[in-house]
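Hi there,

Here is the structure I promised to pass on to you. Have a look at it first, and then read on for what turned up in it.

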Amino acid sequence: MSDATPRSESPGFDDMARDIAEVPAVEVIVTVAVNLMSAAAVKLGLTEDGDDHKDLDEARKLVHALAGLLDASTTEISTFHASPLRDGLKSLQLAFREASLVPDEPGQGPGEKYTGPVYG
């Protein structure tokens with residue numbers, strides 16, 4: 001028999017708070033950015049199912065939020081983390097421009113408020 005306290009199958013709030021407290025802020029920021037990138041890719045139709053989940057209005061919101069997060073956290077995360085995220089953001093912005101029937105003017109696309117105009 002073990003002296004360890006048995007864990008319930010669904011963690012309680014205290015367990016989750018303790019787990020979150022152990023995660024460095026940079027890791028939380030990067031994880032959120034990757035989740036936004038993944039969701040935007042799905043909404044842009046860049047997955048195997050493609051058009052089944054394509055929704056450019058939703059993609060615009062996700063790309064814009066990603067750009068805002070990266071802009072706000074640029075001094076908080078290292079170049080090691082920021083560079084691939086910025087590259088991914090630019091790829092999503094270009095994919096959005098290509099998927100749009102009527103492309104936005106340069107500087108008016110999703111997230112370009114934070115990144116400046118994106119060109120292919």
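In this predicted model, helix 2 passes helix 3 in a crossing that is left-handed. Helix 2 and helix 3 pack with their axes 8 Å apart and at an angle of about 160 degrees. An angle over 145 degrees counts as roughly antiparallel, and helix 2 and helix 3 are therefore roughly antiparallel to each other. On the side of helix 2, the contact is made by I29, V32, A33, L36, M37, A39, A40 and K43. Helix 3 brings L56, E58, A59, L62, V63, A65, L66, L69, L70 and S73 to that contact. Sorted by class, the contact of helix 2 with helix 3 has 15 nonpolar residues, 1 polar residue and 2 charged ones.

Next comes the pairing of helix 3 with helix 4. Helix 3 covers residues 56-73 and helix 4 covers residues 79-99. Their axes lie 10 Å apart, and the two pack at an angle of about 155 degrees. That angle makes helix 3 roughly antiparallel to helix 4. Here, too, there is a left-handed crossing, with helix 3 passing helix 4. From helix 3, the residues in the contact are L56, A59, R60, V63, L66, A67 and L70. Helix 4 contributes L85, R86, L89, L92, Q93, F96 and A99. What classes do the residues of the contact of helix 3 with helix 4 divide into? There are 11 nonpolar, 1 polar and 2 charged residues.

Now for helix 2 and helix 4. Helix 2 spans residues 25-43, and it packs against helix 4 at an angle of about 15 degrees, with the axes 11 Å apart. Because angles under 35 degrees count as roughly parallel, helix 2 is roughly parallel to helix 4. The crossing of these two helices is left-handed. V26, V30, A33, V34, M37, A40 and A41 of helix 2 take part in the contact, and they meet H81, L85, G88, L89 and L92 of helix 4. By class, the contact of helix 2 with helix 4 has 10 nonpolar and 2 polar residues, with no charged ones.

Some residues turn up in more than one of these lists. A33, M37 and A40 of helix 2 are in the contact with helix 3 and also in the contact with helix 4. Likewise, L85, L89 and L92 of helix 4 are in the contact with helix 3 and in the contact with helix 2.

Stepping back to the whole protein, the secondary structure comes to 5 helices and 0 strands. Along the sequence this reads as α-α-α-α-α. The radius of gyration is 18 Å, well over the 14 Å that the globule rule gives for 120 residues, so the protein is more spread out than a compact globule. Taken along the principal axes, the C-alpha atoms fill a box of roughly 65 × 35 × 20 Å. How many of the 120 residues count as buried? The share is 30%. Among contacts between residues at least 6 apart in sequence, 56% join residues at least 24 apart.

Is A21 buried or exposed? With 64% relative accessibility, A21 counts as exposed. A21 and N35 are 14 residues apart in sequence, and their C-alpha atoms are 20 Å apart in space.

Enjoy exploring it!

Best wishes

How values were computed:
Residues numbered from 1 in each chain as written. Predicted model: local features only at pLDDT ≥ 70, side-chain atom pairs only at ≥ 80, totals over all residues. Heavy atoms only, no water. Axes fitted to C-alpha atoms, helices over the stretch in contact; angles between N-to-C directions. Helix = DSSP H or I, 4+ residues; strand = E, 2+ residues; numbered from the N terminus. Parallel < 35°, antiparallel > 145°, perpendicular 65-115°, else oblique. Left-handed = near helix turned anticlockwise from the far one by under 90°. Contact = heavy atoms within 4.5 Å. Nonpolar A, V, L, I, M, F, W, Y, C, P; charged D, E, K, R; others polar. Rg over C-alpha atoms; globule rule 2.2 N^0.38 Å. Buried < 20%, exposed > 50% of the residue type's maximum accessible area, 1.4 Å probe, protein only.
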